[in-house]
Amino acid sequence: MPTDDERWMARALDEARACLTHGDVPIGAIVVGSGGEELAAAGNERELRQDPTAHAEVLALRGAAERGGSWHLDGCTLYVTLEPCAMCAGALVLARMDRVVFGAPDPKAGFAGSLGNLLADERLNHRPSVTGGMLADPCGEVLKAFFRERRT
């Protein structure tokens, strides 16, 4: 029986796969509220919107804030299929996210432990807890398949 974290990460993987229909890098994100309800879901839309900030995490944060009527996302958890970049890590801190769960590490751009760890920086006034590697293999495989396809 899958844990809640596995179930939500599988849901984020569904969002990642949906990105393939519009040619975006397949990364999905889900914001789950303190009561265990889905507040928002998104996939990357940088290509679709021609917007460099349209990362899955940012779009999911915007959706959750709109639904909740506040940018304060205390008590919420973000599930994302790839380790957040510096921009997304900063947004998660500013949104006061309680917890971040990511799938595959990102050694080229990850800022939740790979290149740096903005989410744990003691100089900031908020630090969410972080769990990495949740369903890392399937999360990574979706990305690898996408880039393999683009190279052929």
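So, let's start with Asp121: at 18% relative accessibility this residue counts as buried (buried is under 20% relative accessible area, exposed over 50%, partly exposed in between, with a 1.4 Å probe and protein chains only). Its salt-bridge partner is Arg123, with the closest N and O atoms 2.6 Å apart, and Arg123 is exposed at 76%. By salt bridge I mean a side-chain nitrogen of Lys or Arg within 4 Å of a carboxyl oxygen of Asp or Glu.

Quick housekeeping. This is a predicted model, where local features need pLDDT of at least 70 and side-chain atom pairs count only at pLDDT 80 or more, while totals for chains, interfaces and linings use all residues. Residues are numbered from 1 along each chain as its sequence is written, and side-chain values use heavy atoms, leaving out hydrogens and water.

By that rule we get eight salt bridges. Take Arg11 and Glu15, whose closest N and O atoms are 3.0 Å apart. They sit four residues apart in helix α1, so about one helical turn separates them (helices are DSSP runs of H or I, at least four residues, and strands are E runs of at least two, numbered from the N terminus). Arg11 is partly exposed at 25%, whereas Glu15 is buried at 18%. Glu38 joins these two in a network of salt bridges.
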